[in-house]
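Keep the sequence and the 3D view open as you go.

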Amino acid sequence: MKFKFPNDALIALSKELQPVEIESLDTSHSGRVLASAVIADRDSPAANVSAMDGYAIRMAQLSDKAVLPIMGESAAGSPAPEMPSHGVLRIFTGAIVPEGFDAVVKREDTEELGSEIRLKLDSVEISKGLHIRRAGENASKGSTVLNPGIEINGAHKATMANFGCSTIDIYRPVRVTILTTGNEVGTFQKEDPMPWQLRNSNRESIATLLAAPNWISIVSVEHCIDDQKQLHDTLADRLNTSDAILMTGGVSMGDYDYVPDVIKDLGGNVVFHGLPIRPGKPVLGAATDNGKLLLGLPGNPVSATIGCQRLGMPLLAYMAGKRDWLPKVPVVRLQNSGKKSIPLNWLRLVKLVDNGVAEPVITQGSGDLVSLGNSHGFVEVPPMQNGEGPWPFFPW
């Protein structure tokens with residue numbers, strides 16, 4: 001199946017994938033994905049409360065510009081005082097407004113005379129309900145206040161705390177294996193690589209991208225030489241303990257590119273092998289019969305890093321239970337973009353130069369780790385388009 005845009009390929013592959021299981025936790029929710037709705041255990045606010053420091057009044061008092069006696073006080077954190085027969089109540093932000101009072105007048109809109117006040121406002125400036133937060137206006141008891149599929153952040157935690165929600169259902173992290181390939185790639189400690197050898201930069205970039213979200217758990221980092229049996233055995237073994245395997249290298253058409261054949265031998269259903277993107281066109285996306293992800297990224301480091309961010313992270317987000325898993329990214333305008341266009345989706349390295357403004361990073365190609373390191377991310381320019389955009393921006 002041919003796909004015109006990256007998101008089309010992601011949607012097609014997601015239909016073959018299985019989201020991870022659900023677990024219940026009473027701590028360490030942050031950064032995890034909510035699996036069930038959070039329900040309000042009471043009205044919010046739980047009672048009519050004041051939105052200001054000031055004085056609770058009755059509407060019937062408005063026609064009387066006389067001095068009004070202060071007959072009591074309502075403070076935050078205390079039960080509502082008894083309703084006085086006349087006069088006003090001094091009230092503070094968050095304090096309960098007793099039944100019978102119609103509005104709250106801000107302190108600065110009154111003239112304070114010791115145990116009495118005089119209103120500075122005309123009666124037409126005061127309406128019923130002024131500066132009163134009504135019980136249940138944020139949410140009523142039993143209503144949904146957070147929907148499943150969100151990545152829990154500090155704002156969500158505040159909502160959960162407000163409604164007494166501590167133990168919640170969340171998706172467990174997606175277990176991921178990172179597998180780099182290639183005879184030329186090695187781990188060099190004290191010794192320097194020979195000119196025909198490469199340090200394993202793909203392992204570092206992929207592992208760093210995957211380590212950021214709490215909904216991903218890296219369970220193994222492996223390297224295989226260009227040997228079909230070793231690759232087959234490693235993949236077969238890691239599929240037993242992983243929900244997803246992200247590979248770099250071995251996905252093109254070379255004599256030593258064994259990844260496509262090995263994936264088919266293991267029963268993988270290949271949804272795409274090659275996408276209209278640059279860099280990273282040879283990328284391979286497949287799923288096992290039980291919904292595990294096999295994503296083969298090109299070995300060139302710029303292609304591998306961009307491919308992981310643009311394709312790998314959204315697919316893992318889908319498996320992690322996220323509701324809005326397709327990328328929703330800011331847009332930037334591209335200055336000094338040039339007039340070049342290509343018949344592919346151009347994933348172009350850029351650096352930010354101002355708010356909402358970026359410029360291309362000069363690069364020598366998909367093996368240029370210097371340009372990669374000097375970029376802040378990449379923009380996605382559709383086929384045969386050019387200019388300043390704005391274009392979607394994918395930050396690292």
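**Exercise 1.** Find which residue caps the N-terminal end of α3, and give the distance.

*Solution.* Step 1: go to Asn 200, the residue that caps the N-terminal end of α3. Step 2: look at its side chain, where an oxygen lies 3.0 Å from the backbone nitrogen of Arg 203. Helices and strands here are DSSP runs (helices H or I, at least four residues; strands E, at least two), numbered from the N terminus.

A word on the model before we go on: it is predicted, so local features need pLDDT of at least 70 and side-chain atom pairs count only at pLDDT 80 or more, while totals for chains, interfaces and linings use all residues. Residues are numbered from 1 along each chain as its sequence is written, and side-chain values use heavy atoms, leaving out hydrogens and water.

**Exercise 2.** List the buried residues of α3 and say what they pack against.

*Solution.* Step 1: recall the cut-offs, with buried under 20% relative accessible area, exposed over 50% and partly exposed in between (1.4 Å probe, protein chains only). Step 2: within residues 201-211, the buried ones are Asn 202, Ser 205, Ile 206, Ala 207, Leu 209 and Leu 210. Step 3: the buried residues of α3 pack against strands β14, β17, β18 and β22 and against helix α6.

**Exercise 3.** Is Ser 242 buried or exposed, and what does its side chain reach?

*Solution.* Step 2: Ser 242 counts as buried because its relative accessible area is 1%. Step 3: its side chain makes a polar contact with the side chain of Thr 177 at 2.7 Å, and reaches the backbone oxygen of Arg 238 at 2.9 Å. A polar contact is a pair of N or O atoms within 3.5 Å; within protein, one must be able to donate a hydrogen and the other to accept it, and residues adjacent in sequence count only if both atoms are side-chain atoms.

**Exercise 4.** Where does a cis peptide bond join Ser 44 to its partner, and what is phi of Asn 336?

*Solution.* Step 1: the cis bond joins Ser 44 and Pro 45, with omega about -10 degrees. Step 2: Pro 45 lies in the loop between β3 and β4. Step 3: phi of Asn 336 is near 55 degrees, a positive value in a residue other than glycine. Most residues other than glycine have a negative phi, and most peptide bonds are trans. Step 4: Asn 336 is exposed, with a relative accessible area of 62%.

Note on methods:
Contact means heavy atoms within 4.5 Å.
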